[in-house]
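Grab a pencil and work through these exercises one at a time. Each task comes with a solution that goes step by step.

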Amino acid sequence: MSPGESSGTNPARDAVLAAVRRALAGTDRAPRAARHRPAAGRPADVDLFVERVRDYRAEVVRCRPDEVAGSVGSALTGVAGVVVPEGLGFDVDGALVDDGLGARELDAIEGVVTLAAAAVAETGTIVLTHGPGQGRRALSLVPDLHVCVVAAEQVLADVPAAIEAVAGQPVTTWISGPSATSDIELIRVEGVHGPRRLVVVLVEPRS
Amino acid sequence: MSGTFVGMPAFPEAAAEALRNAQLRTNLAHATGTIRAKRLAVVGEVEGWEDLRRAGAAIKDEVLLHLDEHLVELERNLQAAGATVHWARDAAEACRIVSGIARSHRVEEVLKIKSMVTQEIGLNEALAADGIAAWETDLAELIVQLGDDLPSHILVPAIHRNRAEIREIFLREMGGVGRPAPADLTDDPARLAEAARLHLREKFLRAKVAVSGANFAVADSGALVVVESEGNGRMCLTLPEVLISVVGIEKVVPTWSDLEVFLQLLPRSSTGERMNPYTSTWTGVVPGDGPQEVHVVLLDNGRTRALADEVGRQALRCIRCSACLNVCPVYERTGGHAYGSVYPGPIGAILNPLLQGPGHDEQTDSLPYASTLCGACFEACPVLIDIPSILVDLRAQVVDARRGGVPGGEALAMKAAARTLGSARKVRRAERIAGLVGRLDLRGRRLPGPGKGWTRERDLPQPAREPFRAWWKRTGGRG
Amino acid sequence: MTRVALLVTCLNDALYPETGRNVVRLLRRLGVEVDFPEAQTCCAQPMINTGYLDEAVPVVRTFVEAFAGYDAVVAPSGSCAGSVRHQHRLVAARSGDATLADRVAELSPRVYELSEFLVDVLGVVDVGAYFPHTVAYHPTCHSLRMLGVGDRPTRLLEAVRGLTLVDLPAAEQCCGFGGTFAVKNSEVSVAMGTDKVRQVQETGAEVLVAGDRSCLMHLGGLLGRQGSGIRALHLADVLAATEAGS
């Protein structure tokens with residue numbers, strides 16, 4: 001039995017696939033010409049990234065590698081309870097390390113610090129693949145403040161570059177500013193269910 | 001069952017009714033005007049936007065022309081990633097599958113991410129009949145659900161409601177289904193959003209089962225994609241134990257890298273943003289992260305009918321951005337309810353008839369005529385759906401479906417016109433008769449019968465005493 | 001360019017013959033000996049856009065017979081030119097008549113909307129017109145989006161001596177005519193037209209100009225009923241006007 005042929009056990013599947021084939025009978029199904037636009041391959045502009053993140057009314061803190069812990073600490077000033085994933089790579093004062101906290105436990109924590117997998121200059125987006133230092137998805141979702149540490153060399157020019165960078169990852173989250181809604185009279189309000197504050201700590205090498 | 005609301009009148013009556021609602025027209029003009037400007041600004045800054053549109057259309061065409069192969073590949077990769085794949089021929093079958101999964105977990109409620117397809121199949125009503133409450137978690141859907149209302153826009157379902165109405169709905173209804181709205185709630189949009197946050201948070205934290213749609217389903221990896229703004233989607237995709245995603249079969253894209261095109265086209269066309277706040281992708285069960293039981297329901301429900309329509313097939317490229325609604329001058333005046341379906345606006349005017357077939361009912365048959373064929377929708381569509389051409393083709397299908405019966409007034413008029421316009425001699429004779437009418441002063445007249453619609457608020461033109469062809473005959477064009 | 005035919009359009013023929021005469025005067029002034037094939041009737045768009053394809057077949061047949069042999073066909077209508085160029089092939093396909101399909105394919109590309117013919121074929125922008133009035137121009141949808149005439153009409157108008165062209169807000173939005181839409185959905189049609197008319201009035205223009213008499217019939221009907229005093233004229237009416245009077 002070739003792939004896609006009837007498995008003999010699922011009449012709905014058989015019916016839908018048969019209906020597709022009937023619908024396309026008599027149609028030229030030859031492959032189409034090349035359909036991808038050429039990759040832009042543009043250099044990433046870190047300043048543009050900062051500008052675009054701020055456009056979403058997220059905060060950006062720029063710092064040197066030896067200032068990361070201090071910048072993160074400042075961003076967490078006055079925050080009641082902080083959680084971090086394993087593998088963050090630096091210490092956060094008084095932070096709890098996630099060991100599979102339940103949703104209600106996470107809800108009682110105000111801040112979270114994570115790393116990112118990549119970032120996009122053109123759209124001001126950070127991309128998480130939820131590996132070490134980034135934590136599982138709930139971690140960067142339930143607390144109300146998300147501090148995300150991004151290295152300048154992780155900033156890519158555009159969406160195609162980021163899609164390529166995270167290809168093959170079983171789970172990705174693309175974050176562009178704090179959660180927002182425009183559902184009431186199309187007026188943008190930051191902060192609905194996701195973190196109402198997003199602070200991006202951008203780590204740039206000493207020049 | 002279908003995406004058409006039961007018992008809705010045909011478009012002209014529903015539209016006329018909507019036009020009398022001055023508040024609605026003000027809300028709509030403001031909202032669509034705002035979003036049009038935002039869209040133009042962010043589209044304008046993309047170099048090669050037209051190339052992107054062509055790429056989006058080409059990818060979707062490739063999907064549609066090889067849909068069986070892509071679906072089988074998607075199924076295989078979903079299963080390999082630990083998801084259970086179900087197939088549904090129609091709405092009832094899809095609802096049975098979802099309800100069955102929910103009931104097997106003995107839950108009394110499920111959480112919902114905003115999804116067009118679950119509205120199309122009437123999932124909430126079907127679950128309610130089985131004793132399961134489906135809570136909408138998108139703010140606009142929550143407003144619609146609490147207000148026992150119907151959605152009127154693909155992206156902003158409560159676009160017809162203003163802040164004062166929303167405050168009133170929250171104060172009146174939230175307490176009956178969960179945490180009440182704060183007693184001192186104002187109509188400040190930030191306060192209203194916060195009330196929704198607090199109301200839904202307890203539901204997120206206790207949820208066992210969530211139901212989503214998907215913006216895209218990637219065949220080569222089995223990844224599903226949800227594009228959203230508020231984070232309610234992330235909550236539903238992450239916190240519950242069981243996730244059920246209902247996915248129309250046209251949502252497939254062949255490869256992961258195809259997403260690079262759609263993640264640029266969709267947010268800019270939809271909310272007029274460079275990127276929406278949150279996009280989630282997940283591939284089946286992700287060990288240690290999120291729901292450990294994942295179901296995907298692949299739904300036909302008329303899509304293969306649309307696929308068989310050679311002109312209309314391209315409507316299945318639609319990525320539900322709603323740009324066509326926002327630029328449509330008809331939608332701007334009537335709002336979404338007049339279309340009588342979860343798919344309003346220009347895309348609804350083609351999608352509903354394509355999914356159901358011409359001659360299905362009066363309401364659906366009226367939709368292809370709910371357009372001036374101005375082409376603004378085609379110009380805005382990120383995947384180049386030629387909506388005006390499909391509308392014209394569907395009109396022919398509607399007319400053809402009614403041939404053979406007793407011809408109505410319009411059919412008789414068209415037949416008569418065809419006879420007259422088939423020959424210049426007959427046109428000359430008709431013009432001589434019209435010339436007699438031309439001696440009457442028609443200004444300010446309101447006519448009965450077929451002329452009524454025109455003359456209620458518009459003057460009729462005076463037929464010429466000497467038509468052009470008579471002048472040409474008399475003067476040889478040198479008069 | 002040896003043989004040029006005027007597709008006057010059924011609407012201009014019966015209701016607005018002056019616009020047809022103005023196209024003839026304008027083209028003669030520019031040295032084009034335009035002919036009027038008397039066998040012509042209509043482009044069949046009313047039938048096609050209402051869904052009556054069978055009924056459109058004899059009309060399209062009459063059309064290709066009437067205009068056979070001409071090098072160019074000029075229409076003072078973006079809508080009719082658009083229908084010929086984009087829709088006649090659908091009618092021919094429906095007829096199952098391969099000869100008709102061939103004749104349509106051969107003729108359709110040679111059908112021009114007036115501003116296209118002036119700017120692209122004749123290569124003129126200044127047609128020597130004089131029109132000392134304030135004008136608002138409404139770019140009709142089929143000219144704009146079906147044919148893509150772009151700024152050709154406004155370039156022609158800007159070159160008219162004495163003419164002041166004012167900016168019409170939301171100019172590219174449809175006026176609400178839409179063929180049988182104007183009757184089938186008359187309430188929506190009037191609502192759209194009323195907004196357009198209000199925007200025209202707010203410009204202070206004395207004259208509303210467009211390239212399609214169908215849209216002007218709708219807008220002019222609204223202007224007339226409101227007693228606004230604003231005249232609705234076709235592009236050809238303005239371009240044909242000269243200092244000597246025409």
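**Exercise 1.** In which loop of chain A does A:Arg57 lie?

*Solution.* Look at the loop that runs between helix 2 (46-55) and strand 1 (59-63) of chain A: A:Arg57 lies there. Helices (H or I, at least four residues) and strands (E, at least two) are DSSP runs, numbered from the N terminus. Before going on, note that this is a predicted model, where local features need pLDDT of at least 70, side-chain atom pairs count only at pLDDT 80 or more, and totals for chains, interfaces and linings use all residues. Residues are numbered from 1 along each chain as its sequence is written, chains are lettered from A and ligands numbered from 1 in the order in which they are written, and side-chain values use heavy atoms, with hydrogens and water left out.

**Exercise 2.** Work out which chains touch, taking contact as heavy atoms within 4.5 Å.

*Solution.* Two pairs of chains are in contact, and chains A and B share the most contacts. Chain A and chain C have no contact, their closest C-alpha atoms being 17 Å apart. Chains B and C do meet, through 65 residues of chain B and 64 residues of chain C.

**Exercise 3.** Describe the interface of chain B and chain C by its area, its pairs and its residues.

*Solution.* First, the area: about 5,500 Å² is buried between chain B and chain C, with carbon and sulfur atoms giving 56%. That is the accessible area (1.4 Å probe) the two parts lose on being put together, summed over both. On the chain B side, B:Arg458, B:Phe468 and B:Trp472 lose the most, together 13% of what that side buries.

Second, the charges: there are 13 salt bridges between these chains, each a side-chain nitrogen of Lys or Arg within 4 Å of a carboxyl oxygen of Asp or Glu.

Third, the makeup: helix 20 (residues 409-421) gives the largest share of the chain B side, seven residues.

**Exercise 4.** How many disulfides are there over all chains?

*Solution.* The count is zero, with a disulfide being a pair of cysteine sulfur atoms within 2.5 Å. Take B:Cys377: its closest cysteine sulfur, in B:Cys374, is 6.3 Å away, so that is too far for a bond. For C:Cys43, the nearest cysteine sulfur belongs to C:Cys80 and is 4.0 Å away. As for accessibility, B:Cys377 is buried at 8%, and C:Cys43 is buried at 4%.

**Exercise 5.** Is B:His199 buried or exposed?

*Solution.* Begin in helix 10 (residues 189-206) of chain B, where B:His199 sits. Its relative accessible area is 2%, so B:His199 is buried. Then list its contacts, leaving aside neighbours within four places in sequence: B:Leu142, B:Met174, B:Val177, B:Gly178 and B:Arg179.

Technical notes:
Buried means under 20% relative accessible area, exposed over 50%, partly exposed in between (1.4 Å probe, protein chains only).
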